[in-house]
Amino acid sequence: MKEWTFLTNHAHVLLAIAREPTARLRDVAEAVGITERAAQAIVADLEAAGYLHRERVGRRNEYTINPAGRFRHPAEADRRIGDLLALFTDSRLTGQ
């Protein structure tokens, strides 16, 4: 039987970053169960779409998530990603 999950790797990466905004992509990839290259591509997608912002702080990146970003699928477009983050993280991280 093929395994599947309700959340995409994009959602898992976003949640991992929400939990640890200064995490290395290697650690994010390990937490999600994907390659570091896949994590880099997903972070680039999320950044290009305005869901997160990356800033270099010393030798590391620090990520800031935009909790007001809307879901992309029309069925959920009326919801903010901050709502998803609040389900799986400490709600202080989502600006709520």
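Residues are classed by relative accessible area: under 20% is buried, over 50% is exposed, and values in between are partly exposed, computed with a 1.4 Å probe on protein chains only. The structure is a predicted model, in which local features need pLDDT of at least 70 and side-chain atom pairs count only at pLDDT 80 or more, while totals for chains, interfaces and linings use all residues. Residues are numbered from 1 along each chain as its sequence is written, and side-chain values use heavy atoms, with hydrogens and water left out.

The chain contains four helices and two strands, where helices (H or I, at least four residues) and strands (E, at least two) are DSSP runs numbered from the N terminus. The order of the elements from the N terminus is α-α-α-β-β-α. The radius of gyration is 13 Å, close to the 12 Å that the globule rule gives for 96 residues, so the chain is as compact as a globular protein of that length. For this comparison the radius is taken over C-alpha atoms, and the rule is 2.2 Å times the number of residues to the power 0.38. The C-alpha trace spans about 40 × 40 × 25 Å along its principal axes.

Of the 96 residues, 31% count as buried. The chain exposes about 6,700 Å², of which carbon and sulfur atoms supply 51%; accessible areas come from the Shrake-Rupley method with a 1.4 Å probe, and for residues only the protein chains shown count as cover. A contact is defined by heavy atoms within 4.5 Å. Among contacts between residues at least 6 apart in sequence, 37% join residues at least 24 apart.

Helix α1 supplies a set of buried residues, namely A11, V13, L14, L15, A16, I17 and A18. The buried residues of α1 pack against α2, α3, β1 (52–57), β2 (60–65) and α4 (81–88). A18 is located in this helix, which covers residues 9–19, and has a relative accessible area of 6%, so A18 is classed as buried. The C-alpha atoms of A18 and T64 are separated by 8.0 Å, although these residues are 46 apart along the chain.

The loop between α2 and α3 contains I34. I34 counts as buried because its relative accessibility is 19%. Its contacts, leaving aside neighbours within four places in sequence, are with N9, V13, A29, A39 and I42. Between the C-alpha atoms of I34 and R19, which are 15 residues apart along the chain, the separation is 17 Å.

A contrasting accessibility is found at D78, in the loop between β2 and α4. D78 counts as exposed, at 58% relative accessibility. The C-alpha atom of D78 lies 32 Å from that of T35, the two residues being 43 apart along the chain.

The chain carries 14 positive and 13 negative side chains, and the centres of the two sets lie 3 Å apart. Lys and Arg count as positive and Asp and Glu as negative, with His and the chain ends not counted; the place of a charge is taken as NZ of Lys, CZ of Arg, CG of Asp or CD of Glu. A salt bridge is a side-chain nitrogen of Lys or Arg within 4 Å of a carboxyl oxygen of Asp or Glu. A search of the whole structure finds five salt bridges.

One of the salt bridges is formed by R26 and E36, with the closest N and O atoms 4.0 Å apart. This pair links distant parts of the chain, R26 lying in helix α2 (residues 25–32) and E36 in helix α3 (residues 36–48), 10 residues apart. R26 is partly exposed, with a relative accessible area of 46%, and E36 is also partly exposed, at 35%.

D83 takes part in a salt bridge with R79, in which the closest N and O atoms are 3.1 Å apart. D83 itself counts as partly exposed at 23% relative accessibility. A salt bridge is also formed between D83 and R80, with the closest N and O atoms 4.0 Å apart. R80 has a relative accessible area of 24% and is partly exposed, and for R79, likewise partly exposed, the value is 44%. Through shared partners, these salt bridges join R79, R80 and D83 into one network.
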